[in-house]
Amino acid sequence: MSALFLVVVLFACLLLGVPVAISLGLASIGTMVFFADQSLVSLAQRFFATMQVYPLLAIPFFVLAGTLMTTGGTARRMIAFADALVGHFRGGLAMAALLACAFFAAVSGSSPATVVAVGSIMIAGMASSGYTRAFAAGLICNSGTLGILIPPSIVMVVYGAVTETSVGDLFLAGILPGALLTLVLLASVAVVARRQGMPRQPRATLRKLLRTGREAFFGLALVVVILGGIYLGAYTPTEAAAVSAVYAFVISVFVYRDIRLVDIARVFKESAATTAMLMFIIANAYLFAFVLTTEQIPQMASAWIADQGLPPWGFLLALNLLMLLAGSFMEPTSVILILAPIMLPIAVELGIDPIHLGIIMTVNMEVGLVTPPVGLNLFVTAGVAELPMTAVIRAAAPWLLVLVSVLIVITYVPQISLIVPEWVRAPTAALS
Amino acid sequence: MRMRWDGILDRAEEAFLALSLAFMTIVTFVQVVLRYVFDTGFVWHLEATTYAFGWLVLVGMSYGARTNTHIAVDLLSTRLKPRAARAVGAVALLASLAYCALMIYGSGVFVDRLMTLGNDARDIPLPRWLLTGIMPIAFALLGVRLLQAGWRMFAAAQDRGAAR
């Protein structure tokens, strides 16, 4: 009964256009007040306590680092390097845009941020070199989803926080799947480019390749700063996020010198606003998750699924379908916060590694970012490409096939996700 | 006169957001340096950072309502006729205001209890009620901002209706 109330209120609010954060909060408060003996006081206390969840503290820092890199010229330098690398292939500029998304994903933890950084430069560039605007928008909308798969990743931070899984291991686990998705997307662009006779550019000279590589180096080195620091034990993932924000600040202001001091206040304000927007959803989703647990809903759901006697592959299939459905209606962090605590115990029971589950969920969320009605990447792409939503949805659709096929491979071949964290962990384990 | 007050509040909100994020970043970074390089640190750094984070999010909520950046699903409202869309918008606004009212009440009682208790935070020599006292104020401000945004939308729709 209470579960029904919770879901009905949530969907009614969402449908009416109440902000996602408030819909989650109102449904949770309503259920608590009517059905459980929880007071509003304890909910208010829980709301505030969300901001004291240590891993979540990484979010503002990763957002700040990403905004600094987008506002400054770091994104532009990465694009120039990507172009020098692959521009001479048929469809080279499209490949460069895709590769630039992968590079930028390695310094930013968010997919919409990746689309903004690369899309705002590359969509116009591709349009003026003979690609259609729709093709450019569709490609970048999908490639931008790499932002949450290639470390760092805000979605992985949230998954790690709510399931108490190592964020460092999740980051490492994302490397290989991210590379795989990038390669498959590159191959798809190559096929489409050959079939449609897309333009190519002159091959970059070695000198140019080296120069653009050196200029992009400080940006690309960020991922080493983050992962290296975590694994050397110099700092926690949350501190790594703060270090990367300071690093991004130093290279943008003192090394590249492309953020003026007057812009800095605006960068901080925008990052803080984005953080607050995300955390407002997350804090209410925590209330929602709290209601789910006090009402024993995850336990009942896992008991029900366990009773079905699903084999692991069947469970993974059901999980993917559920995540894809949820991902089209909700924004990634809320989906993870609600579904991860329900799914984790069942997965562990069936012998699925929590790290692998986290990667499967992340890739599902990538698909969710480009499927209507709620797809953040679609919204952002429509903005930067200056195209109507419907056009972006249509342009993004064919690439979804690529995303979904990679999702299937990653789901059923756990080694892709687990080999890197195991390989890094092995020498440390041998030492102790 | 009212305009000026609004303007001051807006700027204060923005300055607070930027400064609290800068504070969190610097404190966390300095702490890493102190620990890793000098093997020392401040006991209060973590608590100060998390409280700043809490304040940032609470103040940022109403900034998001003012700039209309909170994510919502526009599945229904974009498909309805203007009059029906306005009615749906009004119901959504009422639901949001109900949320604010409940949170103001809950957090108000929470802060009141902390005042009665009167204890200090763990590492910061300040009473806990002072550090959490922003909560009812922030939810009240969120309510005001939502009302303002709703009013602007309503007025804009009226203008369009009059022009037609």
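**Entry 1: a bridge between the chains**

I began with A:Glu239 and B:Arg35, whose side chains meet in a salt bridge at 2.9 Å, N to O. This is a predicted model, so I keep in mind that each distance here is computed from predicted atoms. I then looked up where the two partners sit. The pair crosses between chains: A:Glu239 belongs to helix H12 (residues 237-255) of chain A, and B:Arg35 to helix H1 of chain B.

Next I asked myself: are A:Glu239 and B:Arg35 buried or partly exposed? A:Glu239 is buried, because its relative accessible area is 4% and the cut-off for buried is under 20%. B:Arg35 has 33% relative accessibility, so I noted this residue as partly exposed.

A reminder to myself: side chains of opposite charge can pair when their charged atoms come close.

**Entry 2: bridges within a helix**

I counted on a search of all chains here, and it gives twelve salt bridges. I picked out A:Arg211 and A:Glu215, which form a salt bridge with 4.0 Å from N to O. How many residues apart are A:Arg211 and A:Glu215? They are four residues apart, about one turn of the helix, and both lie in helix H11 (residues 206-232) of chain A. I found A:Arg211 partly exposed at 38% relative accessible area, and A:Glu215 partly exposed at 33%.

Then I turned to helix H13 (residues 261-294) of chain A, which holds both A:Arg266 and A:Glu270. These two are also joined by a salt bridge, with their closest N and O atoms 3.2 Å apart. Here too I read a spacing of four residues, about one turn of the helix. A:Glu270 is partly exposed at 35% relative accessibility, and A:Arg266 is partly exposed at 37%.

**Entry 3: a network**

Which residues are linked in a network of salt bridges? I wrote down A:Lys269 from chain A, together with B:Asp10, B:Arg11, B:Glu13, B:Glu14, B:Arg66 and B:Arg145 from chain B.

**Entry 4: ring pairs**

A:Phe48 is buried at 4% relative accessible area, and B:Tyr51 is buried at 8%.

I also checked B:Phe16 and B:Trp55. Why is this pair tilted? Their planes meet at 40°, which falls between the limits of 30 degrees for stacked and 60 for edge-to-face, so the pair counts as tilted. The ring centres are 6.2 Å apart. The pair links distant parts of chain B: B:Phe16 is in helix H1 (residues 2-38) and B:Trp55 in helix H2, 39 residues apart. I noted B:Phe16 as partly exposed at 29% and B:Trp55 as partly exposed at 24%.

**Entry 5: charges over rings**

I finished with two arginines of chain A. A:Arg46 lies over the face of A:Phe290, at 3.6 Å from the ring centre. A:Arg77 sits over the face of A:Tyr256, where the distance to the ring centre is 3.8 Å.

Note on methods: Residues numbered from 1 in each chain as written. Chains lettered and ligands numbered in written order. Predicted model: local features only at pLDDT ≥ 70, side-chain atom pairs only at ≥ 80, totals over all residues. Heavy atoms only, no water. Buried < 20%, exposed > 50% of the residue type's maximum accessible area, 1.4 Å probe, protein only. Phe/Tyr/Trp six-rings, centres within 6.5 Å; stacked < 30°, edge-to-face > 60°. Helix = DSSP H or I, 4+ residues; strand = E, 2+ residues; numbered from the N terminus. Lys NZ or Arg CZ within 6 Å of the ring centre and 35° of its normal.
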